[in-house]
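Keep the viewer open as you read.

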Amino acid sequence: MSTGYHVVVCGGIVPDPLQTLEPVTGPTGPGLKNEMMLPAVLDPWAGHALYEAAHLAKQAQGSKVWLVSLGPKAKLQQVMMTVAQKVPFELVVLDGPGGGFTESFEVAAVLAETIRTIPGLDRARLLLFGGWESASRGGGTTLQMIGEHLGIVDQFLGVDSLVVGGDGSLQILERVEVAKHQVSRCAGPPAVLGWATGNLPEPPNNPQVGMANMRAIMPALQKAKPAKVGAEGLTYARVSLPKQQRETRIVKDLPVDAIAREIIAWIATA
Amino acid sequence: METILVLLHTESEGSLARPALEAVGAARGLMEQLGGSSLVVGLVGGETQAAASTLGGCGAARLLAVSGAEFAQSRYATDAAAAEAICRAAGATVVIAPGTSRWLRALPGIAQRLNGRVDTHVTGIAAEQGAPAVSRWYYRQRMEASLTRTQRPWIILVDPGCHAPWQGAGGPLAPERLSVELPETCRRTTVTGLRAPAADQQTIRPDAELLFVAGAGWTKKQADGQVHGGEAANLILGFLRLTQASLGGSKSLVDLTGEGQAVLPFMTHLNQVGQTGATPRHPKGLATCCHGEEPHVVGWRFITERRAVNLDPNCGWARGKADVLYVADAFAVMQRVNALLAERAASPKA
């Protein structure tokens, strides 16, 4: 009898958060200025999902982790040089646009189809992981749609903790309003978990893991299927940067007591 | 002509929370702008009668409800089944719902089931050229877009705090109760409860007037060459206690705590604001010891009045982003602030 979990992590790439972003409008709609030149990173919350997946796989013998990623192949290759050193996984690549202005409905369809065709994937043991939102579109909608495509109705969003019970059930903590966590018990896989930050720190780089991963990652990149993803029926009337430059009053050389009184007076005003 | 469904869920005691009433306000506003459109209310919850009786005057032509013990839980399978039934019964072309954790989890899947589309974190809805248009942010609140869609149904989840709540009178509007058969697969998950910090450790208060943002500077060596983590914790908690402000933290500070460095033990990732954290809405924000550029500054994108205390007059967190920057030692300033607040609390007439 097979044991362990088959964990599929959906995670794209996003511009490095330290980069300045500027929207531009091209023939296919909005995008980012010099998008292909911007350094990219694995989407932060998808990264947390990947680390949680690897942690779970380590605990449950017979488990396996796949990272399914949609993005420009060349950018994915750059990002994988770093990500591959973190935890063991098998990469599944879809070569296509990875920006924030694509349509999650279309992204979900191609990702679901790709997951369906992963060789050896046991959907009865499937845990579909991902970030609860991306740092690009930021919708938090793709995972649920993939879950629907795959017929999974046990879905969780904003997950910070997953604990496997002795009976195989899953205890899941999801972020809800007012800094609380909702505690749920799910009978077991298949399930969809959109991860928030979780509880694990970013794993240190491990060159041995990196070398083992890269042996499969390079072929995966080479045979990446092109994915046609757009935004049919969606029209962006405008995309703009916020105009939030403020005239900052710099207060220097004011005694601490005066600053404190000024702050208190400001807080007190309606 | 659109059929606008405002889809709400009740709270555990059967009432409607403020985000639900904001969604009603947004839906009514859109209906008024789109001539000839109609409004339908959908309710999901353990008990919906009390909520239904408050919505009679909202202008809805119909009120559809799915209720019962199975629908009291905030659970994907049952929420999705209820929402799907209501959307189909209403013949909705536009669905407006509050962006609560419950609906953010369930409704994107409904868009898939109905072959519709969904937009979350919507901050504005209006009619443009006779069709609905929404605005929302991309790249973690770093750019704003206005968009329209041709596909229907279009599910729109509005962020709390962006629309005025509907405040009309209740009245008679008989709910049409829908029966939803749940297969056994919908009962694989059970909600067992909520976990919350102890009352005295609750530092996140979404309704607070003030957001207090603590940066990693609180954990750095001070002028005497020592780290004053304990003092920092006392100053911050003291300020929160005296002002009932909500606490936010920069990523670097939250990460320090997460890595086991017990610098500010009450600071968790739930407090994090910025690029990979929350972007809370408060009328005022006071940032202390925060440093950084755009990725962190998005954390107070929706803070109306902003002030900052730190030692660097050129800090990217504050310059051009804050209204006032006090160039001073935050330890000294907050100690004095707390002392003055404590004095006032002790003698309220002063």
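Two strands are taken as paired when DSSP finds at least two bridges between them. That helps with a first stop in chain B, where Ile125(B) sits opposite Val134(B) in strand E6(B). Before going on, bear in mind that this is a predicted model.

**A run of strands in chain B**

Strand E5 (residues 117-128) and strand E6 (residues 131-138) of chain B run antiparallel and are joined by six bridges. The two make a hairpin with two residues between them, and Gln129(B) in that turn has a positive phi of about 55°. E6(B) then pairs with E7(B), again in the antiparallel sense, over five bridges. In that pairing Trp137(B) stands opposite Glu144(B) of E7(B). The hairpin of E6(B) and E7(B) has four residues between its strands, and Tyr139(B) there takes a positive phi near 50°.

What does E7(B) pair with in chain A? Strand E7 (residues 143-149) of chain B is joined to E14(A) by six bridges, and these two strands run antiparallel. One pair to look up is Leu234(A), whose bridge partner in E7(B) is Arg149(B).

**Where the chains meet**

How many residues are in contact across the two chains? It's 68 residues of chain A with 80 residues of chain B. Several elements of chain A give two or more residues to its side of this contact, including helix H3 (104-116), helix H4 (142-149), strand E14 (234-240) and helix H6 (256-268). H6(A) supplies the largest share of that side, nine residues. By type, the chain A side divides into 34 nonpolar, 21 polar and 13 charged residues.

H6(A) deserves a look of its own. The helix has 13 residues and reaches 18 Å from its first C-alpha to its last, close to the 18 Å expected at 1.5 Å a residue. Its buried residues are Ile259(A), Ala260(A), Ile263(A) and Ile267(A). These residues lie on the same side of H6(A) because they cover an arc of only 100° around the axis. On the face turned away from that buried side you'll find the exposed residues Ala265(A) and Ala268(A).

**A sheet that takes in both chains**

There's also an open sheet of six strands, with parallel pairing, in the order E15(A)-E15(B)-E14(B)-E13(B)-E11(B)-E12(B). E15 of chain A and strand E12 (246-249) of chain B stand at the edges with a single partner strand each, so one side of each has no neighbour in the sheet. From one strand to the next, the twist averages 20°. Inside this sheet, strand E11 (residues 210-214) and strand E13 (residues 282-288) of chain B pair in the parallel sense over five bridges. Here Phe212(B) has Leu286(B) as its bridge partner in E13(B).

**Chain A and one of its cysteines**

Chain A has six helices and 15 strands. Its C-alpha trace spans about 70 × 50 × 40 Å along the principal axes, and 49% of its 270 residues count as buried. Take contacts in chain A between residues at least 6 apart in sequence: 78% of them join residues at least 24 apart.

Cys10(A), in strand E1 (residues 6-10) of chain A, is a handy example. Is Cys10(A) buried or exposed? The cut-off for buried is 20 or more other C-beta atoms within 10 Å, and Cys10(A) counts as buried because it has 30 C-beta neighbours inside 10 Å. Leaving out residues up to four places away in sequence, Cys10(A) touches Ala46(A), Val68(A), Leu111(A), Gly130(A), Leu143(A) and Ile146(A). Cys10(A) and Leu70(A) are 60 residues apart in sequence, yet 8.5 Å apart in space, C-alpha to C-alpha.

Most residues other than glycine have a negative phi, and most peptide bonds are trans. These spots go the other way:

| Site | Backbone value |
|---|---|
| Pro189(A) to Pro190(A), cis | omega about 5° |
| Arg152(B) to Pro153(B), cis | omega near 0° |
| Asn115(B), not a glycine | positive phi of about 55° |
| Cys289(B), not a glycine | positive phi of about 55° |

Pro190(A) lies in the loop between E11 and strand E12 (191-195) of chain A, while Pro153(B) is in the loop between E7 and strand E8 (154-158) of chain B. Asn115(B) is found in the loop between helix H4 (101-113) and E5 of chain B, and it counts as exposed, with 10 C-beta neighbours inside 10 Å. Cys289(B), in the loop between E13 and helix H7 (294-297) of chain B, is buried, with 25 other C-beta atoms within 10 Å.

Notes: Residues numbered from 1 in each chain as written. Chains lettered and ligands numbered in written order. Predicted model: local features only at pLDDT ≥ 70, side-chain atom pairs only at ≥ 80, totals over all residues. Contact = placed C-beta atoms within 7 Å. Nonpolar A, V, L, I, M, F, W, Y, C, P; charged D, E, K, R; others polar. Expected span 1.5 Å × (residues − 1). Buried ≥ 20, exposed ≤ 12 C-beta atoms within 10 Å, placed from the backbone. Arc of directions from axis to C-beta. Axes fitted to C-alpha atoms, helices over the stretch in contact; angles between N-to-C directions.
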